[in-house]
Amino acid sequence: MDSIRRNKVALKGILYTPISKHGHTSLNVFLRKDLDIFASISLIRNMDGEWPTRANNLDIAIIRENTEGEYAGLEHAPVGGVVESLKVVTREKTERIARFAFDFALMNGRKKVTAIHKANIMKLGDGLFLNVCRDVAKRYESSGIQFNDMIVDNAAMQLVSKPGQFDVVVCGNLYGNILSNIGAALIGGPGIVPGANIGRDYAVFEPGCRHVAMELKGRNEANPTSLLLSSLHMLRALNLHDKADQISAALVKTLADGKALTPDLGGRSGTTDFTAAVITNL
């Protein structure tokens with residue numbers, strides 16, 4: 001944490017959080033909340049390669065609010081056998097993430113922002129999120145960016161059946177987590193989805209689907225592409241575009257060649273083989 005505070009930027013993998021240990025706080029969630037890196041970006045984008053995919057020509061940015069919602073971590077048991085888990089939604093942080101999504105769309109030549117919610121059931125919490133997003137959208141009408149909203153269960157179905165309709169998606173933490181993983185399944189898996197967490201003062205780059213992949217521990221089968229892609233975004237944020245371009249070209253060539261793909265992409269190579277191929281292609 002001292003290093004991140006000093007340098008304002010970091011590249012990290014996903015830290016493991018045990019499910020069964022009560023009181024074990026997720027270090028990933030703690031880091032995002034403590035640094036107030038409120039905007040999480042996961043990029044669902046097809047890459048050139050011969051592995052099987054469920055959709056083509058996708059380029060979707062899923063932007064989720066990092067610091068509240070279901071991940072607020074406010075749970076307690078008032079009596080035995082009963083647990084209350086609070087979902088926190090505030091106007092201030094919803095407006096902040098909505099503005100971030102529209103600004104992201106503007107800066108990256110995007111055409112539409114879709115707000116995901118469950119306001120038909122959670123009328124106060126998700127209702128606030130939806131209404132604030134609608135208010136923010138009105139301020140960007142002159143920019144030409146389209147706005148629509150979609151109930152989360154319908155969005156999950158639409159992302160599978162008609163994924164091309166999505167451009168920039170803005171939502172709360174849990175919905176974004178689910179949709180990012182659905183999106184990953186459409187393009188080849190979590191191993192090729194980069195991510196970033198952006199705040200006012202700090203930026204932390206990490207794989208976009210946040211999979212720990214404990215089942216791959218010690219097997220030399222993990223796909224490092226998502227981490228490499230995340231590192232490219234970090235380099236570009238630091239204005240090291242020439243270095244990012246060099247690594248990007250080598251990575252794209254390695255994926256397109258298909259000779260060193262990891263098992264998740266239908267290959268038989270290990271993590272070290274894939275990494276060596278990228279280095280060779282530099």
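Two strands are said to pair if DSSP finds at least two bridges between them, and helices (H or I, at least four residues) and strands (E, at least two) are DSSP runs, numbered from the N terminus. The model is predicted, so that local features need pLDDT of at least 70 and side-chain atom pairs count only at pLDDT 80 or more, while totals for chains, interfaces and linings use all residues. Residues are numbered from 1 along each chain as its sequence is written, and side-chain values use heavy atoms, with hydrogens and water left out.

**View 1. Strands E2 and E3 pair in the antiparallel sense.** Strand E2, residues 39–45, is joined to E3 over seven bridges, and within this pairing Ser-40 stands opposite Arg-64 of E3.

**View 2. Strands E3 and E8 pair in the parallel sense.** Strand E8 covers residues 168–171 and meets E3 over four bridges, with Ile-62 placed opposite Val-169 in E8.

**View 3. Strand E3 is largely enclosed by the rest of the structure.** Of the seven residues of E3 (residues 59–65), six are buried, where buried means under 20% relative accessible area, exposed over 50%, and partly exposed in between (1.4 Å probe, protein chains only).

View 4. The structure holds zero disulfides, a disulfide being a pair of cysteine sulfur atoms within 2.5 Å. For Cys-171, which is in no disulfide, the nearest cysteine sulfur is that of Cys-133, 9.3 Å away; Cys-171 is buried, with a relative accessible area of 0%. Cys-209 is likewise in no disulfide, and its nearest cysteine sulfur, that of Cys-171, lies 13 Å away; Cys-209 is buried at a relative accessible area of 3%.
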